[in-house]
Amino acid sequence: MSLLQAPEIHRRIGLTDSTRLYIDPLLEPGQVGEVSIDLRLGPDFLVSLLTRKAAVELATLPRRGVSSYFRMTRREVGDKFVLYSGQIVLATSLEYVGMPNDVYADIISRSSYSRLGIHLNTMIQPGFRGCIPLELVNHGNNPVELVVGSRLVQARLFSVGTASGYQSGSSNRKYLGNVRPIVSRAQDDKDLATLSKMR
């Protein structure tokens, strides 16, 4: 496993075969750094809500849908979105990304936003297609104003050497091909049903 550097990232973007790294739109070449690619904040947000329920129920039947704990909102590019202290917001990258089957990505907040308390840490599987999911949390004491279209996160790309692919395998992929934020599908995990029978 090796970290892809700028020359290899540019080479992969320029390819036309299955090892191509697809990013659209790539608004400026400066988004590609020495060992990462900056990704921009997209226009759609799923905002977490406080409810009267004691908890988000995943294993209790009948359960309330996870989507009822979020509200969808949309902003235009250049508009502001306020992320409040302690709030979870699901968003996506502005860019649609197609990962090669031999590369995965770690997605982290850019240092400038981490210093404001905005944190994110997710992994994108080889072969993934879609807008990158951004699970944003404000760990700071103050609300932070985010601007739609700004370079909020960065992707570090790693070659795994052997082609595998997010689309292959026997299990269904919960988040493949999404272009808008999607709530957690943890309640669909098959092991929850198995575990509930063990009680």
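I started with V103, which is buried, with a relative accessible area of 2%. The model is predicted, and I kept that in mind for every entry here.

**V103**

I placed V103 in strand 8, which spans residues 103–109. I then listed its contacts, leaving out residues up to four places away in sequence. V103 touches L4, R12, Q125, P126, G127, L157, F158, S159 and V160. I also checked a distance to R20, 83 residues away along the chain. The two C-alpha atoms are separated by 9.9 Å.

**Helix 1**

R12, one of the contacts of V103, took me to helix 1, residues 6–14. Which residues of helix 1 are buried? I found A6, I9 and R12. Seen down the helix axis, these buried residues fall within an arc of 125 degrees, so they line one face of helix 1. On the other side I noted P7 and G14 as exposed.

I next asked what the buried residues of helix 1 pack against. The partners are strand 3 (37–40), strand 8 and strand 13 (151–159).

**The largest cavity**

I counted one cavity of 30 Å³ or more in the structure. About 60 Å³ of space lies in the largest cavity. Strand 3, strand 8 and strand 13 each give at least two residues to its lining.

I wrote down the lining of the largest cavity: L21, I23, I37, L39, V97, M99, A105, I107, I132, A155 and L157. What is the make-up of this lining by class? I got eleven nonpolar residues, no polar and no charged ones. L157, part of this lining, is also among the contacts of V103.

**The largest pocket**

I turned to open space. The largest pocket holds about 740 Å³. I found 36 residues lining the largest pocket, and the closest to its centre are L90, E135, I182, V183 and S184. Which strands did I find supplying at least two residues each to the lining of the largest pocket? They include strand 7 (88–98), strand 10 (121–124) and strand 11 (129–138).

**The loop between strands 2 and 3**

I looked at two residues in this loop. P25 is found between strand 2 and strand 3. Most peptide bonds are trans. I checked the bond from D24 to P25 and found it cis, with omega near 0 degrees.

L27 lies in the loop between strand 2 (22–24) and strand 3 too. Is L27 buried or exposed? I read a relative accessible area of 52%, over the 50% cut-off, so L27 counts as exposed. Neighbours within four places in sequence aside, I found L27 in contact with R40 and L94. I also took the distance from L27 to L39, twelve residues apart along the chain. Their C-alpha atoms are separated by 9.9 Å. L39 is one of the residues that line the largest cavity.

**N178**

At 17% relative accessibility, N178 counts as buried, because the cut-off is under 20%. Which residues does N178 contact beyond its neighbours within four places in sequence? I listed R129, G130 and C131. Strand 11 covers residues 129–138.

**The whole chain**

I counted three helices and 13 strands. The chain has 199 residues, and 41% of them count as buried. I looked at contacts between residues at least 6 apart in sequence, and 74% of these join residues at least 24 apart. The chain exposes about 11100 Å². Carbon and sulfur atoms supply 51% of that area.

Technical notes
Residues numbered from 1 in each chain as written. Predicted model: local features only at pLDDT ≥ 70, side-chain atom pairs only at ≥ 80, totals over all residues. Heavy atoms only, no water. Buried < 20%, exposed > 50% of the residue type's maximum accessible area, 1.4 Å probe, protein only. Helix = DSSP H or I, 4+ residues; strand = E, 2+ residues; numbered from the N terminus. Arc of directions from axis to C-beta. Contact = heavy atoms within 4.5 Å. 1 Å grid on protein atoms, 1.4 Å probe; cavity = no way out; pocket = protein on both sides within 12 Å on 5 of 7 lines; lining within 4 Å. Points joined across faces, edges and corners; volume = space filled by probe spheres on them. Areas by Shrake-Rupley, 256 points an atom, 1.4 Å probe, with all protein chains shown as cover. Nonpolar A, V, L, I, M, F, W, Y, C, P; charged D, E, K, R; others polar.
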